[in-house]
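Morning, everyone. Please look at the sequence and the model on the screen, and I will walk you through them.

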Amino acid sequence: MPVITFEYQDLKELGINIENDKLIDILPMLGSDIEDFDDETIKVEFFFQTVQISYQ
């Protein structure tokens with residue numbers, strides 16, 4: 001699955017003003033896994049699920 005590295009400062013510049021610890025707690029609830037983090041960056045692996053819809 002794709003792993004994306006975010007810098008906390010970049011997220012803040014995008015208007016995401018959340019404490020680092022809280023972000024680390026919330027991201028797994030959104031279908032992701034924290035691969036690594038430090039004081040400046042966070043590496044997040046995202047899981048994508050395929051949803052099949054049956055039309056009858």
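Let me start with a definition: accessible areas come from the Shrake-Rupley method with a 1.4 Å probe, and for residues only the protein chains shown count as cover. On that basis, the protein has an accessible surface of about 4,800 Å². Carbon and sulfur atoms hold 50% of it.

Now some ground rules. This is a predicted model, where local features need pLDDT of at least 70, side-chain atom pairs count only at pLDDT 80 or more, and totals for chains, interfaces and linings use all residues. Residues are numbered from 1 along each chain as its sequence is written, and side-chain values use heavy atoms, with hydrogens and water left out.

How confident is the predictor? pLDDT is its confidence in each residue, from 0 to 100. The protein averages 87. At least 70 is reached by 89% of the residues.

Next, the layout. Helices (H or I, at least four residues) and strands (E, at least two) are DSSP runs, numbered from the N terminus. The protein has two helices and three strands. Their order from the N terminus is β-α-α-β-β.

How do the strands pair? Pairing here takes at least two bridges found by DSSP between two strands. S1 and S3 are antiparallel, over five bridges. Thr5, for one, has Lys43 in S3 as its bridge partner. S2 and S3 are also antiparallel, over five bridges. There, Phe37 has Ile42 as its partner in S3. A hairpin of three residues links S2 to S3.

On to the inside. Buried means under 20% relative accessible area, exposed over 50%, and partly exposed in between (1.4 Å probe, protein chains only). Of the 56 residues, 20% are buried. A nonpolar core is a set of buried Ala, Val, Leu, Ile, Met, Phe, Trp, Tyr and Cys residues joined through side-chain atoms within 4.5 Å. Which residues form the largest one? Eight do: Tyr8, Leu11, Leu23, Ile24, Leu27, Ile34, Ile42 and Val44.

Take Ile34, in strand S2 (residues 32–37). Why does Ile34 count as buried? Because its relative accessibility is 17%. Contact means heavy atoms within 4.5 Å. Leaving out residues up to four places away in sequence, Ile34 touches Ile24, Leu27, Pro28, Ile42, Lys43 and Val44.

Last, Leu23. Beyond its neighbours within four places in sequence, Leu23 contacts Tyr8, Leu11 and Ile18.

Notes:
pLDDT is the predictor's confidence in each residue, from 0 to 100.
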